[in-house]
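Biologist: I've got a new model open and I'd like to learn how to read its strands and its core. Can you walk me through it?

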Amino acid sequence: SSLGDLALQRVVVEGNRAYLTQGGGIYVAGGDLLVSQSTIRTNAAAAGGGGLAGSGTASIQVFESTVSDNQGSSGGGLSVADDTTLSMRDSTISGNRAQGHGGGLYDASSGLIDLERVTVAYNWAGAYAGTYGNPRVGGSVLAHNTQWNGAPVQCSTIFSRSSTQPNLLTSALGCSFQSTSGWWILTFIA
């Protein structure tokens with residue numbers, strides 16, 4: 001999608017390759033994308049966003065969907081840049097791989113990146129295997145994300161959505177926590 005609108009409901013986007021650019025499964029360079037009750041899996045990109053990439057002024061919404069087993073140089077699952085906004089709810093980001101940062105999600109956007117009730121688990125990356133950047137996170141799980149060197153680094157920085165939505169982490173190693181309410185609720189799981 002480039003400066004247009006696209007809605008995907010109950011679809012599977014799989015096995016695609018972006019050999020010279022980003023967004024192996026889907027690339028949005030402006031415009032609106034809605035993904036609902038869908039799966040984005042086993043895609044690859046030479047640049048970021050093996051599963052899904054957004055740039056420019058893209059507005060991306062992902063609900064009740066799975067982004068899994070994708071590969072990219074950064075943001076194995078998803079990569080967002082420029083002024084892209086991402087709203088992700090009741091979804092899973094798992095099994096993705098990035099050579100660089102953000103196995104699950106790479107956030108280089110100045111737009112709002114908002115994850116609510118999202119599981120980010122079992123992703124791999126050179127650094128910050130779960131999420132990289134500054135997403136706002138609430139009621140979510142960051143678990144078992146691993147850097148290539150074996151370190152369980154879940155995230156770089158995450159912002160709390162609210163004081164009433166705790167997040168579950170297997171490790172806080174490498175994570176910087178920010179909050180607009182002044183405090184964080186964290187629960188560590190094994």
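Biologist: Along strand β15, which side chains point to one face and are buried?

Modeller: Start with the general idea: side chains in a regular strand alternate between the two faces of the sheet. This is a predicted model, and in it β15 covers residues 105-109. Leu105, Asp107 and Ser109 are buried on one face.

Biologist: Which strands does β15 join through bridges, and how do they run?

Modeller: β12 is one: five bridges join it to β15, and the two run parallel. Here Leu105 of β15 is the bridge partner of Leu78. β18 (residues 131-132) also runs parallel to β15, joined by two bridges. In that pairing, Tyr106 goes with Tyr132.

Biologist: Okay, what about the core? Which residues have the most contacts inside the largest one?

Modeller: In soluble globular proteins, nonpolar side chains tend to be buried together. In this model the largest nonpolar core has 28 residues, and Ile26, Leu33, Leu78, Leu86 and Met88 have the most contacts inside it. Elements giving two or more residues include β4, β5, β12 and β13. The largest share, four residues, comes from β16.

Biologist: What does Met88 touch, leaving out residues up to four places away in sequence?

Modeller: Among them are Val62, Val67, Leu78, Ile93, Leu115 and Val118, plus the acidic Asp114 and Glu116.

Biologist: And how many helices and strands are there in the whole chain?

Modeller: Zero helices and 25 strands. Of its 190 residues, 51% count as buried.

Conventions: Residues numbered from 1 in each chain as written. Predicted model: local features only at pLDDT ≥ 70, side-chain atom pairs only at ≥ 80, totals over all residues. Heavy atoms only, no water. Buried < 20%, exposed > 50% of the residue type's maximum accessible area, 1.4 Å probe, protein only. Core = buried A, V, L, I, M, F, W, Y, C linked by side-chain atoms within 4.5 Å. Contact = heavy atoms within 4.5 Å. Pairing = 2+ DSSP bridges.
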